[in-house]
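Let's take a walk through this structure together, one neighbourhood at a time. Have the sequence and the 3D view open as you read.

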Amino acid sequence: MISPPFLQPGDTVGVVAPASWFPYEEVLDGLRILRDEWQLNVIEGDSLHAVDGPFAGSDTLRRNDLQRLFDDPSVKAVFAARGGYGCYRIVDQLDLSRVRQNPKWLVGFSDVTVLLSLFYKHGLQSLHGLMPRQFGNPERAESLETLRRWLFGELPDSYSVTGHPLNRAGRAEGPLVGGNLTILVNSLDTPTDIDLTDTILFIEDIDETLFSLDRMMTQLRRAGRLEKLAGLVVGQFTDMRVSSSLPFGKDAYQLIADAVSSYNYPVLFDFPAGHVDVNLALPIGSVLRLEVSTEEGKLIF
């Protein structure tokens, strides 16, 4: 797995909107932080100013924005300004041959999961983490700092979180993969479907019904994608919706625990990553160690 070079002040990075559109003013704080605080040169993609229905410009414009930055050897990192929906529509036409020749960081989460999976399939590490549209939010300062540290080579030794009652104790080692559960399930049997064997899978999601969550976990189990994991890290499942007419009587974590109950690998619940203020940066593709007990969970890098 190729780890891109760490950033240094004066490096050039790119910011694009490969999915949903947003008012340009919402990314100004993020651009300022990249330029003034991180001392980076920033190339702004055309998609930051484009609107085409729900998207930040047409599929062709957004794809070309990404491809131009991927192909430019002077660009050391590419930031998705926000997620939403749209990466899934353009991923199969992207060419990573020049990225492999000149590795660079890709940063994002949510809908950007499909691009993180594309990088993983091509043997490239990436970062599941905060996006520039969110950089200026003071409640996300801790998340932003974890991203900065990963990008500039100030790596943490580990992340530690308080134990959860549903944790399944154990130790495991393997490459970290995953991201948004909906995108991962929708990628089954597509070019961005990744082999989960002996990996540590991370999952998170937002604004899904509990029925949908149960269906997705059941689909992964039926497809044989859960049985050969080395370990599972369950992030935040935010704003999950309950059917008042047919209540499950269980929450999201209980449904996930049920889906993996017949396996023996360690499972860490309530990891602070996903659609929440504390969204710790995670190195997709990096080999790490997972240690879980009822009192504590650790990701050791």
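Buried here means under 20% relative accessible area, exposed means over 50%, and partly exposed is in between, with a 1.4 Å probe and protein chains only. Please keep in mind that this is a predicted model, in which local features need pLDDT of at least 70, side-chain atom pairs count only at pLDDT 80 or more, and totals for chains, interfaces and linings use all residues. Residues are numbered from 1 along each chain as its sequence is written, and side-chain values use heavy atoms, with hydrogens and water left out.

Let's start with Ile 300, which sits in strand β13 (residues 296–300); strands (E, at least two residues) and helices (H or I, at least four) are DSSP runs, numbered from the N terminus. With a relative accessible area of 17%, Ile 300 counts as buried. A contact means heavy atoms within 4.5 Å. Leaving aside residues up to four places away in sequence, Ile 300 touches Asp 157, Ser 158, Leu 288, Arg 289 and Glu 291.

Next comes the site named in the record. An unreviewed UniProt entry lists Ser 110, Glu 204 and His 275 under "active site"; UniProt positions are given in the numbering used here, feature names are shortened, and annotations may be inferred rather than shown by experiment. These residues span 166 residues in sequence, yet no two of their C-alpha atoms are more than 8.3 Å apart, so they gather at one spot.

How buried is each of Ser 110 and Glu 204? Ser 110, in the loop between β4 (105–108) and α5 (113–121), is buried at a relative accessible area of 11%. Glu 204 belongs to strand β8 and is buried too, at 0%. Beyond residues up to four places away in sequence, Ser 110 touches Glu 204 and His 275, along with Gly 84, Asn 180 and Ile 183. The contacts of Glu 204 include His 128, Gln 236, Phe 237 and His 275.

Finally, look at helix α9 (residues 252–259). Why is α9 described as largely enclosed by the rest of the structure? Six of its eight residues are buried, so the helix is largely enclosed. The buried ones are Ala 252, Tyr 253, Leu 255, Ile 256, Ala 257 and Ala 259. Their cover includes β8 (200–206), α8 (210–222) and β9 (231–238).
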